[in-house]
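Welcome, and thanks for taking a look.

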Amino acid sequence: MTRLLRNNGWVVGLSILLVVLFVATRIIQPQYGAGDFGSLVRAVLPYAFAVAAQTVVVIAGGIDLSVAAMMALTSVTAASMMAGASEEYALFVVPFVLAMGFTLGAVNGLLIVVTRVPDIVVTLATLFILQGAALLVLDAPGGGIAEWLKNLIVGTVPISGIPDTIDAWIPKALLLLGVLLCIVWIPLRRSRLGLSIYAIGSNQLAAFRSGVPVARTKIMAYAIAGLFAAMGGISLTMSTGIGAPIPGPYLLASVAAVVLGGVALGGGKGGLLGPIIAVFVLRLLRTDLTLLAIDPNVTAIVEGTIMVVVVMFGAFITMRSRSS
Amino acid sequence: MTLATTTPEAAPLGRRIKRFMSDYPIVPLLVLLILLVLVLQILSPGIVNQRWIANTVKFAIPLALLAGAQTMVMLTGGIDLSVGTVATMAGFIVATQTVDHPAGLAMAIALVPALIIGFTNGIGVGVFRVHPLIMTLGTSLIGVGFLQVYQRTVISAGTKYPDFLVWLGTGITWGFPNALVLFVPVAVLLIFIQRRTGFGRLLYAIGDNERATRLAGVKYWQVILALYMLSSVLAGIMGLLYVGLIKAASLSLAEPLVLPSVAAAVIGGTSIFGGRGGYTGTIVGALILTVLTTLLTILQMPEGARRILFGAIVLLVTAAYLRIIEDR
């Protein structure tokens with residue numbers, strides 16, 4: 001138990017913070033109920049996928065600046081393909097867009113490996129390219145989405161054996177998020193590829209010398225990030241019903257949540273759970289500040305300050321533990 | 001004997017060119033710049049004249065200033081993403097404060113946030129060892145928040161631009177943009193700092209091997225603090241100039257220039273991992289990006305295609321350039 005605590009101290013701390021924030025929300029707004037929680041989760045959905053994408057890349061020792069642009073491109077592609085099409089057609093569109101995200105992510109990785117240009121510069125260039133491609137697909141917000149996809153994240157799903165009062169607190173969007181993340185992350189974490197991703201993140205040279213295929217692993221890490229970003233893009237279209245070619249604030253948010261979630265920017269450390277909890281913390285905080293009727297502009301200041309202070313605190317702790 | 005002495009002479013021409021280019025990395029950049037101008041002239045004959053050159057330089061200077069701040073920070077292996085916010089704050093504040101205050105005082109007020117943000121960045125990166133990317137991202141978020149709150153208090157007052165800044169930003173005297181009055185001393189100063197001062201050598205040293213530098217007795221946090229404050233002040237000055245050039249203060253004034261500033265430094269041969277590069281390359285990089293933007297505008301392509309080309313060319317140039325200077 002103590003070992004579990006020590007190894008996952010950061011995640012546990014974040015969870016406690018999340019619970020505290022929930023209690024605070026109930027105190028500020030006693031009517032805050034299951035419905036509001038559902039809409040919170042819907043708002044979190046694209047952020048969570050962006051964070052998942054960033055997490056995989058950061059663990060592999062890179063950084064993906066193109067994640068928001070990738071989401072914009074996949075979102076407009078999905079929206080423009082589904083506009084005016086039949087409901088069944090969406091069954092084809094979703095896998096297609098996911099495959100597209102995976103491929104574009106792999107291209108990101110391939111460019112990094114082949115050109116030997118630093119990750120941050122390559123993804124900066126692909127940020128422009130993907131943004132431009134999104135504008136070519138749709139030059140103004142528009143498109144449509146199949147009804148069943150929209151309904152996938154609205155409301156709750158009745159589970160037998162669980163009383164309705166608890167069931168109301170498990171919105172479909174949360175289940176969807178959990179299932180999708182687990183489908184990709186758990187097999188990855190258990191596989192040789194997952195181990196290689198952590199290995200090249202913590203020491204690329206050592207990984208190379210112990211026979212890890214560094215280039216292939218890096219490409220796969222970016223490809224999986226592309227897959228997550230495509231999920232984020234589709235979820236964006238699911239919640240708004242349209243596709244917008246302008247990238248949202250997901251890049252900054254994803255980097256912030258990754259760091260807040262205890263993933264070291266150098267790579268090789270951390271997991272997916274921490275960043276996902278961190279993104280909930282950041283969104284819930286925003287809700288609380290709105291409920292307190294604080295000027296939304298001040299909210300930006302508070303968010304930024306919290307991010308900086310938490311990161312400074314984290315860096316301070318690692319410094320202390322290293323010197324002792 | 002004779003064979004040994006003639007061998008170096010007999011090296012193949014391609015190899016020698018490559019060698020020459022890796023010894024003088026500025027040359028391939030200048031060649032690229034001239035090529036771009038030539039393409040522009042072919043696509044739209046007669047466009048390249050004295051007036052056009054003056055205008056291009058005028059628009060390249062703000063980017064070059066911002067990229068100058070970026071270059072200094074990148075030499076230590078860091079990155080400063082708050083330069084856009086700092087420049088925007090300076091520009092916006094000077095435009096709104098000139099309404100009530102004399103121009104000089106307004107400019108001084110406008111540079112205060114730059115100092116504060118630079119100080120915070122320096123403390124965060126230097127003392128607490130936060131990753132520069134995160135630190136500067138965070139402070140720029142905070143800065144944007146403050147700017148939005150500030151905007152609400154001055155929105156009714158309107159904006160006014162100091163005559164001096166408008167003269168500096170837009171004016172052209174005898175075919176030379178007035179902004180050169182500001183830019184040339186700044187550029188000389190930056191290059192002098194990098195090449196001839198102890199501070200400059202420390203920047204390269206930290207970028208090359210931070211641990212070794214600290215073990216050698218360098219007060220790491222002092223260097224970093226000074227560096228990030230310098231970077232922010234430079235960005236603030238660029239904001240003042242830019243608002244005089246654009247004459248439309250908005251909350252996203254200099255924000256679109258942040259990523260190109262990184263691109264300009266990288267194209268100019270400054271390594272993002274630190275320890276290598278310099279400001280001369282960055283200036284050429286900024287010119288290349290500006291000419292490239294003109295070129296893509298003249299081609300009259302849709303906005304989307306232009307961005308795709310911009311990204312592709314930045315990537316291509318960086319990759320090719322790294323090949324040239326690293327293949328020894």
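One polar contact is counted between chain A and chain B, as a residue pair with both members at pLDDT 80 or more. Keep in mind as you read that this is a predicted model. The count of salt bridges between chain A and chain B is zero.

How much area is buried between chain A and chain B? The figure is about 3,500 Å², and carbon and sulfur atoms give 83% of that area. Within chain A, the residues that lose the most area to chain B are A:Phe128, A:Ile301 and A:Met312, which together account for 16% of what that side buries. Counted by residues, 38 from chain A are in contact with 41 from chain B.

Next, a word on confidence. Chain B has an average pLDDT of 81, and 95% of its residues score at least 70. Among the elements of chain B, the highest mean pLDDT, 88, belongs to helix 12 (residues 220-246), while the lowest, 47, belongs to helix 1 (residues 2-6).

Now for some individual residues. The table gives their relative accessible areas.

| Residue | Relative accessible area | Class |
|---|---|---|
| A:Ser75 | 1% | buried |
| A:Gly201 | 9% | buried |
| A:Arg116 | 54% | exposed |
| B:Thr88 | 1% | buried |

A:Ser75 sits in helix 4 (residues 67-82) of chain A. Its side chain is joined to that of A:Thr237 by a polar contact of 2.8 Å. Setting aside neighbours within four places in sequence, A:Ser75 is in contact with several residues, including A:Gly233, A:Leu236 and A:Ala244. A:Ser75 counts as buried because its relative accessible area of 1% falls under the 20% cut-off.

A:Gly201 belongs to helix 10 (residues 192-202) of chain A. Which residues does A:Gly201 touch, not counting those up to four places away in sequence? They are A:Ile59, A:Ala60, A:Gly61, A:Gly266, A:Gly267 and A:Gly268. A:Gly201 and A:Val56 are 145 residues apart in sequence, and their C-alpha atoms are 10.0 Å apart in space.

A:Arg116 is found in the loop between helix 5 and helix 6 of chain A. Its phi is near 60°, a positive value in a residue other than glycine. With 54% relative accessible area, A:Arg116 is exposed.

In chain B, B:Thr88 lies in helix 5 (residues 83-97). A polar atom of the B:Thr88 side chain lies 2.7 Å from the backbone oxygen of B:Gly84. Apart from neighbours within four places in sequence, the contacts of B:Thr88 include B:Leu147, as well as B:Ser250, B:Leu251, B:Ser252, B:Leu253, B:Ala254 and B:Glu255. At 1% relative accessibility, B:Thr88 is buried.

Terms used. Residues are numbered from 1 along each chain as its sequence is written. Chains are lettered from A and ligands numbered from 1 in the order in which they are written. Side-chain values use heavy atoms; hydrogens and water are left out. Contact means heavy atoms within 4.5 Å. Buried area is the accessible area (1.4 Å probe) that two parts lose on being put together, summed over both. A salt bridge is a side-chain nitrogen of Lys or Arg within 4 Å of a carboxyl oxygen of Asp or Glu. A polar contact is a pair of N or O atoms within 3.5 Å; within protein, one must be able to donate a hydrogen and the other to accept it, and residues adjacent in sequence count only if both atoms are side-chain atoms. pLDDT is the predictor's confidence in each residue, from 0 to 100. Helices (H or I, at least four residues) and strands (E, at least two) are DSSP runs, numbered from the N terminus. Buried means under 20% relative accessible area, exposed over 50%, partly exposed in between (1.4 Å probe, protein chains only).
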